[in-house]
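Dear colleague,

I am passing on the structure below, and after it you will find notes on what came out of going through it. Please read them with the model open beside you.

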Amino acid sequence: SVCPTATGDFTWNSLSGGTVGLKPVPLQSLSELERVRLQDVAFKRLLRCHDLGCHITIPKYGHKHKKTLRRKLDSLSKEKSKDKDTTPQAFGIPLSHVISNDRMHKLRHDHPREEHSDPTELMLSFLHLTSSYKRANKELSSSNSSLSSTSETLNESPLPSTPDIAPRTRRRGGVSVDCITDLDDNQSRLLEALQLSLPEEAAGNTKKHHDEKLSLNPIYRQVPKIVDQCCQHLEKYALQTIGIFRVGSSKKRVRQLREEFDQGWEVYMDEEHSVHDVAALFKEFLRDMPESLLTKELYTAFINTMLLNVLEQDSAIQLLVFMLPPCNSDTLQRLLSLLSTVSAHAEDSLDSEGHKVTGNKMTSLNLATVFGPNLLHKQKNSDKEFAVESFARAEESAAIIGVVQKMIDTYDTLFMVPPDLQNELLMSLQETDPDVVDYLLRRKASQCYHCVQLTLSVDFSVLY
């Protein structure tokens with residue numbers, strides 16, 4: 001079969017009669033339902049268009065003994081009467097558990113007085129009423145264009161194939177995206193805490209009968225706090241540091257930082273913290289994860305992309321990234337954002353006054369050499385097995401570095417979902433949920449409308 005390219009014109013008609021032309025969109029802008037379906041679409045495209053010579057499966061990210069957000073909230077008061085939990089909060093535990101721990105810490109910190117009530121239900125009700133009031137006022141002065149209207153929430157939309165099958169407190173993104181845009185800063189911060197549902201609460205696979213439990217709104221960014229803090233610190237203080245990620249650090253200070261994160265403390269890092277200590281801490285976090293960020297299921301597939309011709313490598317790597325669980329792909333995106341920024345400052349340059357600015361010397365190849373083994377690895381084998389397979393491992397090591405370097409170099413487009421994949425995704429949904437497709441199309445049209453309005457306002461401001 002023929003593999004489509006992203007250069008085609010993909011236009012859809014909504015039930016209201018409008019047309020929507022698909023454009024590249026960021027992965028994180030997709031709804032939870034779309035991201036799960038995208039995993040399946042990317043998997044099928046990969047098998048159809050690229051021969052990687054290995055067995056490929058979509059990574060699993062569900063857990064048998066999961067806790068819902070409500071059950072965790074109910075357990076907060078019980079935790080206070082127990083001795084302090086010594087279980088690590090960040091290092092050496094699954095990525096989804098780290099994110100879950102971050103959320104529970106945030107809930108304890110932000111809502112200490114609401115532990116005996118049901119804060120999730122109360123706040124969602126408050127936000128829903130407030131946003132509905134604001135939308136009602138907006139609708140009085142807005143146009144009647146059905147295509148650009150964003151006033152309907154998920155529960156208000158006519159979606160017979162996806163009724164309100166899950167209560168708001170169990171649905172990620174339970175308040176519609178349209179409501180979120182109407183919230184002020186304080187409400188957004190409260191909503192942020194409530195929309196943090198556990199990664200394992202998503203479907204453990206991509207079977208279509210699980211789709212009904214998924215939200216039509218984007219998932220909150222699944223990035224551990226320690227990753228985000230380290231990235232922010234290094235972006236602020238380390239871009240001109242020669243050999244960042246390669247220069248040694250203070251083991252004592254790194255161990256102290258590690259213990260603070262592992263105990264769930266509120267850690268603040270400023271200019272007094274050595275960038276080399278923070279860099280070492282960051283590498284330790286990635287290295288100590290029980291499973292590599294790029295997952296064991298896709299290990300061989302990522303390696304074998306280096307056997308393809310250059311034109312195919314980028315496409316195959318992107319499809320594999322789209323197959324990752326949301327917490328893995330979101331964390332990978334945050335990491336690659338940092339690494340691409342660091343590599344952009346590798347060479348010497350001149351500032352606005354013509355003075356020389358020393359580069360950090362960390363090219364994408366150097367960074368891939370440092371981070372590759374931490375991002376993509378198998379489970380550790382014995383020393384004997386390592387010796388027998390040393391030659392094969394050397395070849396794999398070179399391939400790992402090549403894959404990560406490709407990711408750094410193509411970061412700007414790696415997480416942009418091309419129109420042709422969106423088209424396949426919508427066609428997949430059209431077979432089972434045509435009303436859902438129409439809802440998504442109207443939202444895409446609304447987003448495009450607002451982008452055009454913003455562009456026009458900027459252009460007019462330039463004239464004056």
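A contact, here and below, means heavy atoms within 4.5 Å. On that basis, among contacts in the protein between residues at least 6 apart in sequence, 82% join residues at least 24 apart.

Before the details, please note that this is a predicted model, in which local features need pLDDT of at least 70 and side-chain atom pairs count only at pLDDT 80 or more, whereas totals for chains, interfaces and linings use all residues. Residues are numbered from 1 along each chain as its sequence is written, and side-chain values use heavy atoms, with hydrogens and water left out.

The protein has 19 helices and 6 strands, taken as DSSP runs (H or I of at least four residues for helices, E of at least two for strands) and numbered from the N terminus. Of its 464 residues, 49% count as buried, that is, under 20% relative accessible area with a 1.4 Å probe and protein chains only.

The largest nonpolar core holds 100 residues, and those with the most contacts inside it are Leu234, Phe245, Phe282, Phe302 and Met407; such a core is a set of buried Ala, Val, Leu, Ile, Met, Phe, Trp, Tyr and Cys residues joined through side-chain atoms within 4.5 Å. Its largest share, 8 residues, comes from helix α10 (residues 275–288). Not counting residues up to four places away in sequence, Leu234 touches a set that includes Phe245, Val275, Val278, Ala279 and Phe282.

Helix α10 also packs against helix α14 (residues 364–375), at an angle of about 35 degrees and with the axes 8 Å apart; the axes are lines fitted to C-alpha atoms over the stretch in contact, and angles run from 0 to 180 degrees between N-to-C directions. Phe282, Lys283, Leu286 and Arg287 of α10 make this contact with Val370, Phe371, Asn374 and Leu375 of α14.

Turning to helix α1 (residues 32–49), 15 of its 18 residues are buried, so α1 is largely enclosed by the rest of the structure.

Where is Met323 found? Met323 lies in the loop between α12 (310–322) and α13 (326–344), and it is buried, with a relative accessible area of 0%. The C-alpha atoms of Met323 and Asp40 are separated by 7.3 Å, although the two are 283 residues apart along the chain. Leaving aside neighbours within four places in sequence, Met323 is in contact with residues including Gln39, Ala42, Phe43, Leu46, Ile56 and Leu298.

With best regards

Technical notes:
Buried < 20%, exposed > 50% of the residue type's maximum accessible area, 1.4 Å probe, protein only. Expected span 1.5 Å × (residues − 1).
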